[in-house]
Amino acid sequence: MATNRTFTMIKPDAVANGHIGNILAMITNAGFKIVSLKLTQLTTADAQKFYDVHAARPFYGELVEFMSRGPILAAILEKDNAVEDFRTLIGATNPADAAEGTIRKAYATSIGENAVHGSDSDENAAIEGAFHFAGRENF
Ligand code: CDP
Ligand code: MG
């Protein structure tokens, strides 16, 4: 059964480019409630662990370097059908393929530096949320 939470990060590119406020506005205007929110930075080891599923991919080294190079905004979001609806809101991985009105269409600059993360399943949403937030940080 689908749960109603997903996990997101505003990635180092979008934080550095000053897009936190506009991206959060797109998220809340789309009907997501903020359950947890934190400005933080991944260590190299954190980024390696978070993206372990991609360890064999050619872009893994670059991805780990990018995701740990500066602060990110981590958040848990709540809405009916959260995982799927949030993937629709962020758009395709490659901004060249992202639909109009999506966050990546507006703010991603390349397939690697694509502004936001969105969990791909309820199971991963729970794992990724717990990676960043203690229970008492969930509201
Ligand atoms: O983030 P999403 O689920 O859309 O894509 P993914 O296939 O799970 O890949 C995770 C992240 O790796 C992407 O968001 C990109 O930042 C990066 N990536 C990349 O640098 N080059 C690729 N060809 C694919 C992904
Ligand atoms: Mg993914």
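## Strands and how they pair

Two strands count as a pair if DSSP finds at least two bridges between them. With that in mind, have a look at this predicted model. How many bridges join β2 to β3? There are seven, and β3 covers residues 72–78. The two strands run antiparallel. To see one of these links up close, find Leu39: its bridge partner in β3 is Leu73.

Here's a bit of background. Strands of a sheet pair through backbone hydrogen bonds, and they can do that either parallel or antiparallel.

## The whole sheet

Now zoom out. The sheet is an open one with four strands, in the order β2-β3-β1-β4, and the pairing is antiparallel. At the edges sit β2, residues 33–40, and β4, residues 116–118, each pairing on one side only. Going from one strand to the next, the twist averages 15°.

## A helix across the strands

Next up is helix α2, made of residues 20–29. Helix α2 lies across β1 (5–10), β2, β3 and β4. Compared with the direction of β2, α2 runs at about 160°.

## A closer look at Ser68

Follow the chain to the loop between α4 (60–67) and β3, and you'll find Ser68 there. Is Ser68 buried or exposed? Ser68 counts as buried because its relative accessibility is 14%, and the cut-off for buried is under 20%.

So who are its contacts? Leaving aside residues up to four places away in sequence, Ser68 touches Gln41, Leu42, Thr43, Thr44 and Ala47. The side chain of Ser68 also reaches the backbone oxygen of Glu65, at 3.4 Å.

Definitions and conventions: Residues are numbered from 1 along each chain as its sequence is written. Chains are lettered from A and ligands numbered from 1 in the order in which they are written. This is a predicted model: local features need pLDDT of at least 70, side-chain atom pairs count only at pLDDT 80 or more; totals for chains, interfaces and linings use all residues. Side-chain values use heavy atoms; hydrogens and water are left out. Axes are lines fitted to C-alpha atoms, for helices over the stretch in contact, and angles run from 0 to 180 degrees between N-to-C directions. Contact means heavy atoms within 4.5 Å. Buried means under 20% relative accessible area, exposed over 50%, partly exposed in between (1.4 Å probe, protein chains only). A polar contact is a pair of N or O atoms within 3.5 Å; within protein, one must be able to donate a hydrogen and the other to accept it, and residues adjacent in sequence count only if both atoms are side-chain atoms.
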